[in-house]
Amino acid sequence: MSRVPPRNSALADRRVVVIGGTKGIGFATAEAAMAKGAEVVVASRDVSRVAGAVERLGARASGASLDIADAEAVARFFGQIGPFDHLVTTAAHVVRKPLLEADLAEARASFDSKFWGQVNAVRSGAPLIRAGGSIVLVSGISSRRGIGTMAFPAAINGAVEALARSLAVSLAPIRVNAVSPGYIDTPGHGGPERAATLAKVAAAIPAGRPGRPEEVAQAILYLLTNPFSTGTVLDIDGGHLAA
Ligand SMILES: NC(=O)c1ccc[n+]([C@@H]2O[C@H](COP(=O)([O-])OP(=O)(O)OC[C@H]3O[C@@H](n4cnc5c(N)ncnc54)[C@H](OP(=O)(O)O)[C@@H]3O)[C@@H](O)[C@H]2O)c1
């Protein structure tokens, strides 16, 4: 893919690492950062998905296969890639079942991937972030809106938002923010109930439709590039919290 990077962009020639950047919101973020002139490294578990994403992103992209829940693998990954400017962590696989029905092993694995995974990425990645760099963590609307099937994602997302605020203080001058998506039409919303859930949400929120991955990517790019934004949790939910 040939793109002429804009020379006046805050992301021109910056190196952006997106763990979870092979699909959904992460892939849209990688694409948007590249369109602003960044060099992008994407990582996720599935080797062929990584290869496909790198091919679609083009020459200024590279990738690696990685499970964000595996702290040692995450440390090796950052050891191999070296210094960079911005970290985005969209990788997660979470159980969506009411607390009384969920399998606890699955619930713990959800914390391993989405909460501890983001902790792993920050612990190994932050020391490599260059001056002026930043981190965007990903939470989700269930942290502040009760949704019956989302007991565990709710707890994880609340923890991620608290973590982002604390890290904004302890890691300064690295800026740390979180983006909190509402219902976004991504492959992550798979399964038989997908269409029904998205239609129900669309009818209930001011935007009248689910979000698009590119719309969350745009919010993430804002947080990466606004020099005065740190410790922020940015909702991008089509008005869902307000409704
Ligand atoms: N979509 C929504 O409506 C919504 C709403 C609120 C919050 N969120 C949050 O937004 C983030 C992105 O969601 P999405 O909908 O874009 O997800 P998605 O479409 O399922 O994409 C998830 C990405 O993360 C990777 N991944 C999953 N588990 C991983 C692991 N353990 N290690 C490394 N990579 C992993 C996947 O690739 P591999 O399979 O190759 O690993 C894929 O690239 C998640 O934190 C999600 O909870 C999404």
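**Figure 1. The whole protein, inside and out.** Of the 243 residues in the protein, 49% are buried (buried is under 20% relative accessible area, exposed is over 50%, and partly exposed is in between, with a 1.4 Å probe and protein chains only). Keep in mind that this is a predicted model, where local features need pLDDT of at least 70 and side-chain atom pairs count only at pLDDT 80 or more, while totals for chains, interfaces and linings use all residues. Residues are numbered from 1 along each chain as its sequence is written, and side-chain values use heavy atoms, with hydrogens and water left out. The protein exposes about 11400 Å², and 55% of that comes from carbon and sulfur atoms (areas by the Shrake-Rupley method with a 1.4 Å probe).

**Figure 2. Tracing the fold.** You can pick out seven helices and seven strands (DSSP runs, numbered from the N terminus: H or I of at least four residues for helices, E of at least two for strands). Walk along the sequence and the pattern reads β-α-β-α-β-α-β-α-β-α-β-α-α-β. The radius of gyration is 17 Å, close to the 18 Å that the globule rule gives for 243 residues, so the protein is as compact as a globular protein of that length (taken over C-alpha atoms; the rule is 2.2 Å times the number of residues to the power 0.38). The C-alpha trace spans about 45 × 35 × 35 Å along its principal axes.

**Figure 3. Where helix α3 meets helix α4.** Helix α3 (residues 71-81) packs against helix α4 (residues 104-125) at an angle of about 35 degrees, with the axes 9 Å apart (axes are lines fitted to C-alpha atoms over the stretch in contact, and angles run from 0 to 180 degrees between N-to-C directions). On the α3 side, Ala 71, Val 74, Ala 75 and Phe 78 make the contact; on the α4 side, look for Asn 120, Ala 121, Ser 124 and Gly 125 (contact means heavy atoms within 4.5 Å).

**Figure 4. Ala 162 on helix α5.** Ala 162 sits in helix α5 (residues 151-170) and is partly exposed, with a relative accessible area of 42%.

**Figure 5. Two backbone spots to check out.** Pro 173 lies in the loop between α5 and β6 (175-181), and the peptide bond leading from Ala 172 to Pro 173 is cis, with omega near 15 degrees. Asp 13, in the segment before β1 (15-19), has a positive phi of about 60 degrees although it isn't a glycine. Asp 13 is exposed, at 59% relative accessible area.
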